[in-house]
Amino acid sequence: MNYLEQSFSVKFEYKIFFTSSLFNINNNTLIDFFKQKPSESLRKLFFVVDQGVADAHPNLLTDISTYFAGYPEVQLIKEVMIIPGGEAAKNDIAHFDRIVEAVNGFGIDRHSYIAAIGGGAILDLVGYAAAVSHRGIKHIRIPTTVLSQNDSGIGVKNGINYNGKKNFLGTFAPPNAVFNDDEFLATLTDRDYRSGISEAIKVSLIKKPEFFQWIEEHADELVARNKVSMNHLIKLCAQLHLNHIGGDDPFETGSARPLDFGHWAAHKLEQLSNFGVLHGEAVAMGIALDSTYSFLKGMLTEEKLHRILKSLVKLGYDISNPYIQINDLESPILKGLAEFQEHLGGRLSITLLTDLGTGEEVHEMDQQLLIKASKYVRDFTESSSTTTAYES
């Protein structure tokens, strides 16, 4: 055989910063990041901001401009791009085109930075545009939701939805840095605030049972938006995600994705609801379904299942939402299994629970048993609401 062979590895390294009031002129976290970077050339910095964030923080654009005034290390592009947030940002490819056109128009090169401020959808969109423009522009994420600060905003994935399929187009491209500012969380609605907690439940159930117990014990504080408790949850959840990403398969070349526990149903549910159900809410429903399936399969005890379901209900999740109910083999949510397998490639790989903190990969799902699991969750929530009403 006559051939040449090449093998090389590329090191990726980035930091997750935790701070308050990132753009306060007395906060040096962000500017110190730029000062510590080699100055190969004059670095431009272009901001893309979630419309909802801009509306909730009317002084944000002025604060950004004031913050970078007088710092020769960065050439701030004065024009800030505002894009509607939420899943709509990933559904309309025109937003992607706008960012790429801005890269060209402002002369953003590979020594420059695009900074995205917003929820997970905006971060996914901007990260994708940055990754494919000039084959890779430096990308900074400034997540503004619980979900993006503890999960999506700290990982290596970017993407947009295409042909009605979630994240059909995308890249694996780590950010250069992530800045978690807890002040952005203060303006979230209660619904958005709670939504992101589900990803912490997910990672605790497959990685760290002590963390799940902590969530159980602090559920009331989290619902009451206790800042100290939420900051603790976000940082520990982020650490567990980073530990997994730094493992053997950060770019998911294999078919197993334990961090997608509960997600096969969640992704389909979002589509069925026309993204009216938030991602974190859908994940909570998916966790409830797959945990119950794990119990019915004989893998998880009923006592531990009830701990999971009670925690989800206590945190305010509608785990028996009509979109996730499976009444028969024609129920639309079941199509999520085939689409999940297609997205991963290879054979179907689903993570189920054998214990709190321990997941196990399976390669088939009994759809009749899923019907029973769906009914179990529905009966549980009805019983919980009756008990709550009686106790009150």
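Modeller: A salt bridge here is a side-chain nitrogen of Lys or Arg within 4 Å of a carboxyl oxygen of Asp or Glu. Before the pairs, a caveat: this is a predicted model, so local features need pLDDT of at least 70 and side-chain atom pairs count only at pLDDT 80 or more, while totals for chains, interfaces and linings use all residues. Residues are numbered from 1 along each chain as its sequence is written, and side-chain values use heavy atoms, with hydrogens and water left out.

By that rule the count is 17 salt bridges. One of them pairs Lys11 with Glu13, whose closest N and O atoms sit 3.7 Å apart. Both Lys11 and Glu13 are exposed, where exposed is over 50% relative accessible area, buried is under 20% and partly exposed lies in between (1.4 Å probe, protein chains only).

Lys165 and Glu342 make another salt bridge, with 3.1 Å between the closest N and O atoms. This pair ties distant parts of the chain together: Lys165 belongs to strand S8 (residues 165–172) and Glu342 to helix H16 (residues 335–344), 177 residues apart. Helices (H or I, at least four residues) and strands (E, at least two) are DSSP runs, numbered from the N terminus. Lys165 counts as partly exposed because its relative accessibility is 29%, and Glu342 is partly exposed too, since its relative accessible area is 48%.

Asp182 and Lys227 also meet through their side chains in a salt bridge, at 3.8 Å from N to O. Again distant parts of the chain are linked: Asp182 lies in the loop between strand S9 (177–181) and helix H8 (190–195), Lys227 lies in helix H12 (residues 227–245), and the two are 45 residues apart. So which partner is buried? That would be Asp182, because its relative accessible area is 12%, whereas Lys227 is partly exposed at 42%.

There is also a network: salt bridges link Glu87, Lys90, Asp124, Lys166 and Glu270. Asn158 sits in strand S7 (residues 157–162) and is classed as buried because its relative accessible area is 6%. Its side chain has a 2.9 Å polar contact with the side chain of Arg141. By polar contact I mean a pair of N or O atoms within 3.5 Å; within protein, one must be able to donate a hydrogen and the other to accept it, and residues adjacent in sequence count only if both atoms are side-chain atoms. The Asn158 side chain also reaches the backbone oxygen of Ala173, at 3.1 Å.

Met81 is in strand S4 (residues 81–83) and counts as buried because its relative accessible area is 10%. Leaving out residues up to four places away in sequence, Met81 touches Phe46, Phe47, Val48, Val49, Arg98, Ile99 and Ala102. Asp50 is 31 residues from Met81 in sequence, with 8.7 Å between their C-alpha atoms.

Notes: Contact = heavy atoms within 4.5 Å.
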